[in-house]
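Please keep the sequence and the structure in view while reading.

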Amino acid sequence: MNHPENITHSQTDQLHTHTDVILQKVVDAWTELQTQQPLVQCITNSVAANYAANVLLAAGASPAMIDNPFEAESFASITAALSINVGTPTSEQMQAMQISAQTVASKNTPWVLDPVGYGAFLKWRSEMVDQLVLLKPTVIRGNASEISALAGNQVESKGVDSTVSSKEVYLQALALLTHTECVAISGESDFILSKQLNSVIQVNGGSYLQPKVTATGCALGALIAAYSAVTTATIAAVSAHIHFAIAGKLAFEKAQAVGSFNVAFLDEIYQMSADKIWQYADIEVLSL
(Lines give C-alpha, C1' and ligand atoms only; values in the text may rest on other atoms or scores of the structure.)
Protein backbone atom coordinates (compact mmCIF):
# COMPACT_ATOMS: atom_id res chain seq x y z
CA MET A 1 0.00 0.00 0.00
CA ASN A 2 1.28 3.47 -0.83
CA HIS A 3 2.07 5.87 1.99
CA PRO A 4 0.91 9.46 1.31
CA GLU A 5 4.38 10.94 1.78
CA ASN A 6 5.75 8.68 -0.97
CA ILE A 7 3.13 9.48 -3.62
CA THR A 8 4.31 11.75 -6.45
CA HIS A 9 2.15 14.46 -8.05
CA SER A 10 1.71 12.20 -11.07
CA GLN A 11 0.52 9.32 -8.89
CA THR A 12 -1.84 11.64 -7.04
CA ASP A 13 -3.36 12.77 -10.35
CA GLN A 14 -3.78 9.13 -11.38
CA LEU A 15 -5.54 8.29 -8.11
CA HIS A 16 -7.93 11.21 -8.51
CA THR A 17 -8.64 10.16 -12.08
CA HIS A 18 -9.21 6.60 -10.97
CA THR A 19 -11.71 7.62 -8.29
CA ASP A 20 -13.52 9.88 -10.77
CA VAL A 21 -13.83 6.98 -13.23
CA ILE A 22 -15.19 4.74 -10.49
CA LEU A 23 -17.69 7.37 -9.33
CA GLN A 24 -18.93 7.86 -12.89
CA LYS A 25 -19.53 4.12 -13.11
CA VAL A 26 -21.36 4.25 -9.76
CA VAL A 27 -23.61 7.03 -11.09
CA ASP A 28 -24.23 4.97 -14.23
CA ALA A 29 -25.08 1.92 -12.11
CA TRP A 30 -27.50 3.93 -9.95
CA THR A 31 -29.19 5.23 -13.10
CA GLU A 32 -29.49 1.72 -14.51
CA LEU A 33 -30.94 0.48 -11.21
CA GLN A 34 -33.74 3.06 -11.48
CA THR A 35 -34.32 2.22 -15.14
CA GLN A 36 -34.22 -1.58 -15.01
CA GLN A 37 -35.71 -2.12 -11.53
CA PRO A 38 -34.20 -5.63 -11.44
CA LEU A 39 -35.97 -8.56 -9.83
CA VAL A 40 -33.89 -9.74 -6.87
CA GLN A 41 -34.50 -13.06 -5.13
CA CYS A 42 -33.65 -12.80 -1.44
CA ILE A 43 -33.13 -15.80 0.80
CA THR A 44 -32.48 -13.98 4.02
CA ASN A 45 -33.03 -14.24 7.74
CA SER A 46 -36.27 -13.74 9.61
CA VAL A 47 -34.98 -10.57 11.29
CA ALA A 48 -33.97 -8.94 8.01
CA ALA A 49 -36.60 -9.95 5.44
CA ASN A 50 -38.96 -6.99 5.80
CA TYR A 51 -36.19 -4.42 6.16
CA ALA A 52 -34.18 -5.77 3.23
CA ALA A 53 -37.29 -5.73 1.03
CA ASN A 54 -38.03 -2.12 1.97
CA VAL A 55 -34.44 -1.05 1.27
CA LEU A 56 -34.54 -2.67 -2.17
CA LEU A 57 -37.86 -1.03 -2.98
CA ALA A 58 -36.56 2.35 -1.81
CA ALA A 59 -33.41 1.94 -3.92
CA GLY A 60 -35.36 1.09 -7.06
CA ALA A 61 -35.16 -2.71 -7.23
CA SER A 62 -37.92 -5.32 -7.04
CA PRO A 63 -37.46 -7.80 -4.16
CA ALA A 64 -38.90 -11.31 -3.99
CA MET A 65 -38.42 -13.20 -0.74
CA ILE A 66 -38.62 -16.70 -2.26
CA ASP A 67 -36.92 -18.99 0.26
CA ASN A 68 -38.49 -22.44 0.03
CA PRO A 69 -37.03 -25.40 -1.89
CA PHE A 70 -40.26 -26.11 -3.80
CA GLU A 71 -40.11 -22.81 -5.70
CA ALA A 72 -36.38 -22.09 -5.57
CA GLU A 73 -35.29 -23.52 -8.90
CA SER A 74 -38.08 -22.06 -11.00
CA PHE A 75 -37.75 -18.61 -9.47
CA ALA A 76 -33.95 -18.55 -9.52
CA SER A 77 -34.13 -19.28 -13.23
CA ILE A 78 -35.89 -15.95 -13.88
CA THR A 79 -34.38 -13.65 -11.27
CA ALA A 80 -31.92 -10.93 -12.26
CA ALA A 81 -29.83 -11.47 -9.12
CA LEU A 82 -29.80 -13.58 -5.97
CA SER A 83 -28.96 -12.62 -2.39
CA ILE A 84 -28.25 -15.39 0.13
CA ASN A 85 -27.98 -14.55 3.83
CA VAL A 86 -27.52 -17.34 6.38
CA GLY A 87 -28.57 -15.33 9.43
CA THR A 88 -31.36 -17.54 10.83
CA PRO A 89 -31.35 -20.64 8.62
CA THR A 90 -34.07 -23.26 8.63
CA SER A 91 -33.71 -26.70 7.07
CA GLU A 92 -35.94 -25.70 4.14
CA GLN A 93 -34.07 -22.44 3.66
CA MET A 94 -30.80 -24.34 3.54
CA GLN A 95 -32.18 -26.51 0.74
CA ALA A 96 -33.46 -23.44 -1.11
CA MET A 97 -30.06 -21.78 -0.82
CA GLN A 98 -28.32 -24.72 -2.46
CA ILE A 99 -30.91 -25.07 -5.21
CA SER A 100 -31.01 -21.35 -5.98
CA ALA A 101 -27.24 -20.94 -5.93
CA GLN A 102 -26.77 -23.92 -8.24
CA THR A 103 -29.42 -22.57 -10.60
CA VAL A 104 -28.03 -19.04 -10.88
CA ALA A 105 -24.48 -20.38 -11.17
CA SER A 106 -25.53 -22.48 -14.15
CA LYS A 107 -27.08 -19.42 -15.78
CA ASN A 108 -24.27 -16.99 -14.91
CA THR A 109 -26.73 -14.87 -12.96
CA PRO A 110 -24.98 -12.70 -10.36
CA TRP A 111 -25.40 -13.60 -6.72
CA VAL A 112 -24.20 -12.43 -3.32
CA LEU A 113 -23.32 -14.55 -0.30
CA ASP A 114 -23.54 -13.06 3.20
CA PRO A 115 -22.00 -15.58 5.65
CA VAL A 116 -23.70 -14.25 8.79
CA GLY A 117 -22.30 -15.81 11.96
CA TYR A 118 -19.70 -17.89 10.14
CA GLY A 119 -17.34 -19.62 12.55
CA ALA A 120 -16.63 -22.66 14.68
CA PHE A 121 -19.51 -22.08 17.10
CA LEU A 122 -22.21 -22.24 14.41
CA LYS A 123 -21.01 -25.32 12.58
CA TRP A 124 -24.16 -26.27 10.66
CA ARG A 125 -24.53 -22.96 8.85
CA SER A 126 -20.78 -22.62 8.41
CA GLU A 127 -20.57 -25.96 6.61
CA MET A 128 -23.33 -24.77 4.29
CA VAL A 129 -21.42 -21.57 3.61
CA ASP A 130 -18.34 -23.64 2.72
CA GLN A 131 -20.43 -25.51 0.15
CA LEU A 132 -21.92 -22.32 -1.26
CA VAL A 133 -18.49 -20.70 -1.63
CA LEU A 134 -17.52 -23.53 -3.99
CA LEU A 135 -20.30 -22.34 -6.33
CA LYS A 136 -18.34 -19.08 -6.72
CA PRO A 137 -20.62 -16.26 -5.61
CA THR A 138 -20.21 -13.03 -7.55
CA VAL A 139 -19.65 -11.10 -4.31
CA ILE A 140 -18.97 -12.28 -0.77
CA ARG A 141 -20.10 -9.66 1.74
CA GLY A 142 -19.80 -9.62 5.51
CA ASN A 143 -18.46 -7.91 8.59
CA ALA A 144 -14.80 -8.16 9.50
CA SER A 145 -15.13 -11.14 11.87
CA GLU A 146 -17.14 -13.18 9.37
CA ILE A 147 -14.82 -12.46 6.45
CA SER A 148 -11.71 -13.14 8.53
CA ALA A 149 -13.10 -16.49 9.70
CA LEU A 150 -14.19 -17.44 6.19
CA ALA A 151 -10.69 -16.67 4.95
CA GLY A 152 -9.34 -19.21 7.44
CA ASN A 153 -8.34 -17.03 10.36
CA GLN A 154 -9.25 -17.76 13.96
CA VAL A 155 -11.29 -14.84 15.27
CA GLU A 156 -13.81 -14.40 18.01
CA SER A 157 -17.15 -12.80 17.31
CA LYS A 158 -19.89 -11.40 19.50
CA GLY A 159 -22.85 -13.37 18.20
CA VAL A 160 -23.17 -12.18 14.61
CA ASP A 161 -21.47 -8.85 15.35
CA SER A 162 -17.88 -8.09 14.44
CA THR A 163 -15.16 -7.80 17.08
CA VAL A 164 -12.41 -6.70 14.70
CA SER A 165 -12.15 -3.78 12.32
CA SER A 166 -12.59 -4.02 8.56
CA LYS A 167 -9.17 -2.36 8.07
CA GLU A 168 -7.48 -5.17 10.03
CA VAL A 169 -9.04 -7.83 7.85
CA TYR A 170 -9.01 -6.82 4.22
CA LEU A 171 -5.54 -8.18 3.43
CA GLN A 172 -6.48 -11.46 5.15
CA ALA A 173 -9.42 -11.73 2.76
CA LEU A 174 -7.30 -11.86 -0.39
CA ALA A 175 -7.48 -15.65 -0.38
CA LEU A 176 -11.24 -15.45 -0.97
CA LEU A 177 -10.70 -13.89 -4.40
CA THR A 178 -10.03 -17.39 -5.70
CA HIS A 179 -13.74 -18.08 -5.12
CA THR A 180 -15.33 -14.75 -6.00
CA GLU A 181 -14.92 -11.61 -8.09
CA CYS A 182 -15.21 -9.31 -5.14
CA VAL A 183 -15.09 -9.32 -1.33
CA ALA A 184 -16.91 -6.53 0.52
CA ILE A 185 -16.11 -5.92 4.19
CA SER A 186 -18.32 -3.52 6.12
CA GLY A 187 -17.25 -1.56 9.16
CA GLU A 188 -16.41 1.96 10.28
CA SER A 189 -14.90 2.23 6.82
CA ASP A 190 -15.82 -0.33 4.19
CA PHE A 191 -13.27 -2.16 2.06
CA ILE A 192 -14.04 -3.75 -1.31
CA LEU A 193 -11.41 -6.13 -2.66
CA SER A 194 -11.62 -6.31 -6.44
CA LYS A 195 -10.19 -9.08 -8.59
CA GLN A 196 -11.06 -7.01 -11.68
CA LEU A 197 -9.10 -3.92 -10.56
CA ASN A 198 -6.48 -5.78 -8.49
CA SER A 199 -7.00 -3.16 -5.81
CA VAL A 200 -9.00 -2.25 -2.71
CA ILE A 201 -11.59 0.50 -2.70
CA GLN A 202 -12.14 2.08 0.70
CA VAL A 203 -15.55 3.66 1.21
CA ASN A 204 -15.88 6.20 4.01
CA GLY A 205 -18.96 7.85 5.44
CA GLY A 206 -22.14 6.63 7.04
CA SER A 207 -23.05 6.95 10.70
CA TYR A 208 -22.30 5.11 13.93
CA LEU A 209 -26.07 4.61 14.27
CA GLN A 210 -26.27 2.24 11.30
CA PRO A 211 -25.17 -0.81 13.31
CA LYS A 212 -27.81 0.13 15.90
CA VAL A 213 -30.56 -0.60 13.37
CA THR A 214 -31.34 -4.29 12.95
CA ALA A 215 -30.56 -5.78 9.53
CA THR A 216 -28.72 -2.88 7.92
CA GLY A 217 -25.83 -5.18 7.02
CA CYS A 218 -28.20 -7.82 5.67
CA ALA A 219 -29.99 -5.20 3.59
CA LEU A 220 -26.63 -4.03 2.27
CA GLY A 221 -25.97 -7.51 0.90
CA ALA A 222 -29.33 -7.47 -0.86
CA LEU A 223 -28.56 -4.05 -2.34
CA ILE A 224 -25.22 -5.32 -3.67
CA ALA A 225 -27.17 -8.09 -5.39
CA ALA A 226 -29.54 -5.53 -6.93
CA TYR A 227 -26.64 -3.47 -8.27
CA SER A 228 -24.91 -6.61 -9.57
CA ALA A 229 -27.87 -7.11 -11.90
CA VAL A 230 -26.97 -3.88 -13.73
CA THR A 231 -23.17 -3.61 -13.52
CA THR A 232 -19.95 -5.48 -12.74
CA ALA A 233 -19.27 -7.11 -9.39
CA THR A 234 -16.81 -4.44 -8.27
CA ILE A 235 -18.97 -1.48 -9.21
CA ALA A 236 -22.01 -3.21 -7.69
CA ALA A 237 -20.30 -3.58 -4.33
CA VAL A 238 -18.87 -0.06 -4.41
CA SER A 239 -22.21 1.41 -5.51
CA ALA A 240 -24.18 -0.27 -2.73
CA HIS A 241 -21.65 0.76 -0.08
CA ILE A 242 -21.60 4.36 -1.35
CA HIS A 243 -25.42 4.38 -1.43
CA PHE A 244 -25.49 3.27 2.22
CA ALA A 245 -22.65 5.58 3.32
CA ILE A 246 -24.28 8.68 1.85
CA ALA A 247 -27.72 7.74 3.17
CA GLY A 248 -26.28 7.17 6.64
CA LYS A 249 -24.40 10.46 6.64
CA LEU A 250 -27.36 12.53 5.48
CA ALA A 251 -29.83 10.71 7.74
CA PHE A 252 -27.68 11.48 10.77
CA GLU A 253 -27.73 15.17 9.90
CA LYS A 254 -31.53 15.01 10.29
CA ALA A 255 -31.92 12.54 13.16
CA GLN A 256 -29.58 11.53 15.99
CA ALA A 257 -31.83 8.99 17.76
CA VAL A 258 -32.11 5.40 16.56
CA GLY A 259 -35.82 5.32 15.70
CA SER A 260 -35.93 8.58 13.78
CA PHE A 261 -32.57 7.80 12.16
CA ASN A 262 -33.98 4.53 10.82
CA VAL A 263 -36.82 6.36 9.08
CA ALA A 264 -34.50 9.09 7.77
CA PHE A 265 -32.06 6.46 6.49
CA LEU A 266 -34.73 4.71 4.44
CA ASP A 267 -35.84 8.09 3.07
CA GLU A 268 -32.26 8.88 2.04
CA ILE A 269 -31.92 5.51 0.30
CA TYR A 270 -34.99 6.49 -1.72
CA GLN A 271 -33.85 10.07 -2.35
CA MET A 272 -30.41 9.20 -3.71
CA SER A 273 -29.35 11.09 -6.82
CA ALA A 274 -26.41 11.43 -9.18
CA ASP A 275 -25.66 14.85 -7.69
CA LYS A 276 -25.53 13.41 -4.17
CA ILE A 277 -23.16 10.67 -5.29
CA TRP A 278 -20.76 13.20 -6.80
CA GLN A 279 -21.07 15.55 -3.83
CA TYR A 280 -20.87 13.15 -0.90
CA ALA A 281 -19.12 9.96 -2.02
CA ASP A 282 -15.81 9.50 -0.20
CA ILE A 283 -13.65 6.73 -1.62
CA GLU A 284 -9.97 5.88 -1.84
CA VAL A 285 -8.27 3.39 -4.15
CA LEU A 286 -5.60 1.39 -2.35
CA SER A 287 -2.97 -0.82 -3.95
CA LEU A 288 -2.80 -4.49 -3.02
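The model is predicted: local features need pLDDT of at least 70 and side-chain atom pairs count only at pLDDT 80 or more, whereas totals for chains, interfaces and linings use all residues. Residues are numbered from 1 along each chain as its sequence is written, and side-chain values use heavy atoms, with hydrogens and water left out.

The protein chain contains 11 helices and nine strands; these are DSSP runs numbered from the N terminus, helices being H or I of at least four residues and strands E of at least two. Of its 288 residues, 53% are buried, where buried means under 20% relative accessible area, exposed over 50% and partly exposed in between, with a 1.4 Å probe and protein chains only. Contact denotes heavy atoms within 4.5 Å. Among contacts between residues at least 6 apart in sequence, 70% join residues at least 24 apart.

In soluble globular proteins, nonpolar side chains tend to be buried together. A nonpolar core is here a set of buried Ala, Val, Leu, Ile, Met, Phe, Trp, Tyr and Cys residues joined through side-chain atoms within 4.5 Å. The largest such core has 61 residues, and Leu223, Tyr227 and Ile242 touch the most other members. Helix 9 (residues 233-254) gives the most to this core, with 13 residues. Beyond its neighbours within four places in sequence, Tyr227 is in contact with residues including Ala29, Trp30, Leu33 and His243. A second, separate core of 36 residues includes Ile84, Trp111, Tyr118 and Val183.

Thr44 is placed in the loop between strand 1 (39-43) and helix 2 (49-59). Is Thr44 buried or exposed? Thr44 counts as buried because its relative accessibility is 6%. Leaving aside neighbours within four places in sequence, its contacts are Ala49, Met65, Asn85, Gln93 and Cys218.

Although 114 residues apart along the chain, Leu288 and Leu174 have C-alpha atoms separated by 9.0 Å. Not counting residues up to four places away in sequence, Leu288 touches Leu171, Leu174, Asn198, Ser199 and Val200.
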